Amino acid sequence: MRILHTADWHFGRTLEGRSRLEEQAAFIDELADIVNREEVDLVLVAGDVYDSVNPPAAAEQLYFEALSRLADGGRRAVAVIAGNHDQPERISAAAPLARQSGIHLAGLATGQALEIGIPRTGELAVIAALPYPSESRLRELLSEDTDEGKLRSAYSERVSRLMRGLAGGFRPSTVNLAMSHVYVLGGAETDSERPIQVGGAYTVDPSAFQIGAQYVALGHLHRPQRVHGAETVRYSGSPLAYSFSEGGQAKSVMLFDAAPGEPVEPRELLLSCGRPVVSWKAKGGIAEVHSWLDEKRDAKAWIDLEITMNEMITMEQIQQLRKLHAGIIHIRPVYPDADKPALADAAVREQLPVEELFRRFFTRQTGGAVPDDETVRLFLELIDEQDRDGAELEAAAHEGE
């Protein structure tokens, strides 16, 4: 049978308020093309299909459309587990209906492995599938000790016992696989992964997956990677770059053939979907940025811009840059002469209206974002309310004199 491993779709995720739904839909288009072209029999989705436990309706619609396209009316099997971002009950809610189409959904840990028949080959896949196993989801206290080392040991041992129990379904006559959504010690993280460990407590020793599986499909880390160099224990990574720390990373899915009792040789299939994330450092100031924009540099990318300025960057300059390139996310001015910031002089500040002061403060605090009119309006209402409350208190004090 031919198997594809993917994970960490994070449908519903934004980049500083910018929707990624169009890019995520393009990923599903590319994924559907891959599974059809490569004649894939089984798709493994190792958690974090959503970015939150309460995803927007458009994200849910895309997810269900994706499952339908991948399953292709039951001609292809799909197995999905919940990640730390997913609400497990939401993932498994449609399980009875989905199973009729060859889609297997697992939200919470159980003591039974998934068994999936592959009509094309007549083979049976047994999957030791462990959705994200937090203490609350396991509904048990893993350790009463607060020492991080002991907590980590208790958590890792619990995961190991669960995996060994699930592997009890492995047989010489079946294709034996494992799938989970955990942080395995030694994996390389990026900024876009919300930690699933407290300190280092929710981490798992690689030995937990030494259970005789021919391949271990992992989710959570967004950089595609092998675990401790093992070719068959892998994170597929996310299909899109979800933070600027992922800039330059190649995104991919894993593909391999598996037969009972035979070793597998995974191969990485690179993805072309998704806008790249890049960082610009404009030491030459505004002029250098305009030069890059004129030459259409990174025209389709999301951009984190750091710009060296000799004077305070104006709202007009910020708005013009964003108008020239809609993909500019952050604009962080750097002032070499830190002793002379444009608004350091109190007299200058006093001459500016409150609204302009708030806009500039908002821009500095958010790394270059521009507050919309509604945000400014709410701020001014708060100021007015505070002024009214102050006036009422002062009047009441005078009445009591």
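Guide: A pocket is an open set of grid points, and a residue counts as lining a pocket when one of its atoms is within 4 Å of a point. The model here is a predicted one.

Visitor: Which residues of the lining lie nearest the centre of the second largest pocket?

Guide: They are A241, Q249, K251, C273 and P276, out of 16 lining residues. The volume of this second largest pocket is about 160 Å³. Its lining is made up of nine nonpolar, four polar and three charged residues.

Visitor: What makes the other pocket the largest, and what lines the largest pocket?

Guide: About 240 Å³ of space lies in the largest pocket. Its lining has 15 residues, with V40, D41, R75, R76 and R120 nearest the centre. Strand β7 (residues 114–118) supplies the largest share, three residues. Six of the lining residues are charged, five nonpolar and four polar.

Visitor: What does L270 touch?

Guide: Leaving aside residues up to four places away in sequence, L270 touches E30, A250, K251 and S252. For K251, 19 residues apart from L270 along the chain, the C-alpha separation is 5.9 Å.

Visitor: How do you know where the buried residues of α2 sit around the axis?

Guide: The buried residues of α2 are A59, L62, Y63, A66, L67, L70 and A71. They cover an arc of only 155 degrees around the axis, and therefore lie on the same side of α2. An α-helix has 3.6 residues a turn, so residues three or four places apart point the same way.

Visitor: What covers the buried residues of α2?

Guide: The cover includes α1 (21–37), β4 (42–45), β5 (77–81), α3 (88–92) and β6 (103–106).

Visitor: How does the reach of helix α2 compare with what is expected?

Guide: Helix α2 (residues 57–71) has 15 residues and reaches 21 Å from first C-alpha to last, close to the 21 Å expected at 1.5 Å a residue. After α2 comes D72, with a positive phi near 50 degrees.

Visitor: What makes a space a cavity, and how many cavities of 30 Å³ or more does the structure hold?

Guide: In a cavity a 1.4 Å probe fits but cannot get out. The structure holds one cavity of 30 Å³ or more. The largest cavity has a volume of about 70 Å³. Among its 10 lining residues, M312, I313, I318, R360 and T363 are the closest to its centre. Helix α10 gives the most to the lining, four residues.

Notes: Residues are numbered from 1 along each chain as its sequence is written. This is a predicted model: local features need pLDDT of at least 70, side-chain atom pairs count only at pLDDT 80 or more; totals for chains, interfaces and linings use all residues. Side-chain values use heavy atoms; hydrogens and water are left out. On a 1 Å grid over the protein atoms alone, a cavity is a set of points where a 1.4 Å probe fits but cannot get out, and a pocket is an open set with protein on both sides within 12 Å along at least five of seven lines; lining residues have an atom within 4 Å of a point. Grid points are joined across faces, edges and corners, and a volume is the space filled by probe spheres set on the points. Helices (H or I, at least four residues) and strands (E, at least two) are DSSP runs, numbered from the N terminus. The expected span of a helix is 1.5 Å times one less than its number of residues. Buried means under 20% relative accessible area, exposed over 50%, partly exposed in between (1.4 Å probe, protein chains only). The arc is that of the directions from the helix axis to the C-beta atoms. Contact means heavy atoms within 4.5 Å. Ala, Val, Leu, Ile, Met, Phe, Trp, Tyr, Cys and Pro count as nonpolar, Asp, Glu, Lys and Arg as charged, and the others, Gly among them, as polar.
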